[in-house]
Amino acid sequence: MASIPLLRLSLHPPPPKPTLTTTHTHHKTHLLNHPLHPKLPTKFLTHQNPLPKTRPIKTQITNKTTTPATDRLISAVGYFLPFINGLQYGRFLFTQYPPLTLLFEPLIPIFSLLKTVPYASFIAFFSLYLGVVRNPSFSHYVRFNAMQALVLDVLLVLPLLLQRIFTPGRSGFGFKLMVMGHNGVFVFVVFCFVYSFVSSLLGKTPYLPFVADAAGRQL
């Protein structure tokens, strides 16, 4: 009778052992879904806080050089030489508009001194050239402005030379052309003086038309 139960047990095979396939597959799936897995697309990492991006600090270097007050003053004073010598071209405007002389009346004694003292204008010219332009102790800013003032002073001689060559007389078309030329030269000189004087006092470099290039070549 004991053999019957054993026979029944032998007819029923033992239940299969649980495999680790499901567990291994689940574990593998869990690893793939891990946020640190290298093959995971970056869209699954959006829940993480990215590291703050450090922006490079830009240092702005500005080389601001201020012109000394002495250089500005010397440069501004140098433009008085062509301005005073250019007052003679305003005589027709002074005659036509007498109130205009009130603006330039303080400079008339200096103009008279340059005209009465022999070679006073030449002495002032060469003093500015040898004492400032050719003096290496002065800065390039001062020397350039002094040279520009001297070039302007030299150019003011050209209308007088043309007047002596053509001798337009005191009437007619030639005289009218001379008056227009003198008035134009005087306005140009006044403009150059005001522009250069104010720019020099402010420490800026004035560039006069047709004059700055010639002054730069001389330096």
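Predicted model: local features only at pLDDT ≥ 70, side-chain atom pairs only at ≥ 80, totals over all residues.
Helices, as the word is used here, are DSSP runs of H or I that cover at least four residues, and strands are runs of E that cover at least two. Residues 73–90 are 67% helix and 0% strand, with 26 Å between their end C-alpha atoms.

From these annotated spans one can turn to the packing of the side chains. The largest nonpolar core has 37 residues, and F83, L87 and F186 are those with the most contacts inside it. At least two residues of this core come from each of α4 (80–85), α5 (91–96), α7 (108–116), α8 (120–133), α9 (140–155), α11 (172–201) and α12 (212–218), while α9, with 9 residues, gives the most. Around F186, once residues up to four places away in sequence are set aside, the residues touched are G86, L87, Y89, G90, L93, F94 and F104.

F186 also belongs to an aromatic cluster, in which ring pairs link it with F80, F83, F94, F104, F193 and F197. In the whole structure, a search finds 13 aromatic pairs. In the pair formed by F80 and F197, the ring centres are 5.6 Å apart and the planes stand at 80 degrees, and because an angle over 60 degrees counts as edge-to-face, the pair is assigned to that class. Since F80 lies in helix α4 and F197 in helix α11, this pair ties together parts that are 117 residues apart in sequence.

A last stop is K204, which is found in the loop between α11 and α12. K204 counts as exposed because its relative accessibility is 53%, and the cut-off for that class is over 50%. Leaving aside neighbours within four places in sequence, K204 is in contact with Y141 and S199. K204 and T67 are 137 residues apart in sequence, yet their C-alpha atoms are 8.3 Å apart in space.

Definitions and conventions
Residues numbered from 1 in each chain as written. Heavy atoms only, no water. Core = buried A, V, L, I, M, F, W, Y, C linked by side-chain atoms within 4.5 Å. Buried < 20%, exposed > 50% of the residue type's maximum accessible area, 1.4 Å probe, protein only. Contact = heavy atoms within 4.5 Å. Phe/Tyr/Trp six-rings, centres within 6.5 Å; stacked < 30°, edge-to-face > 60°.
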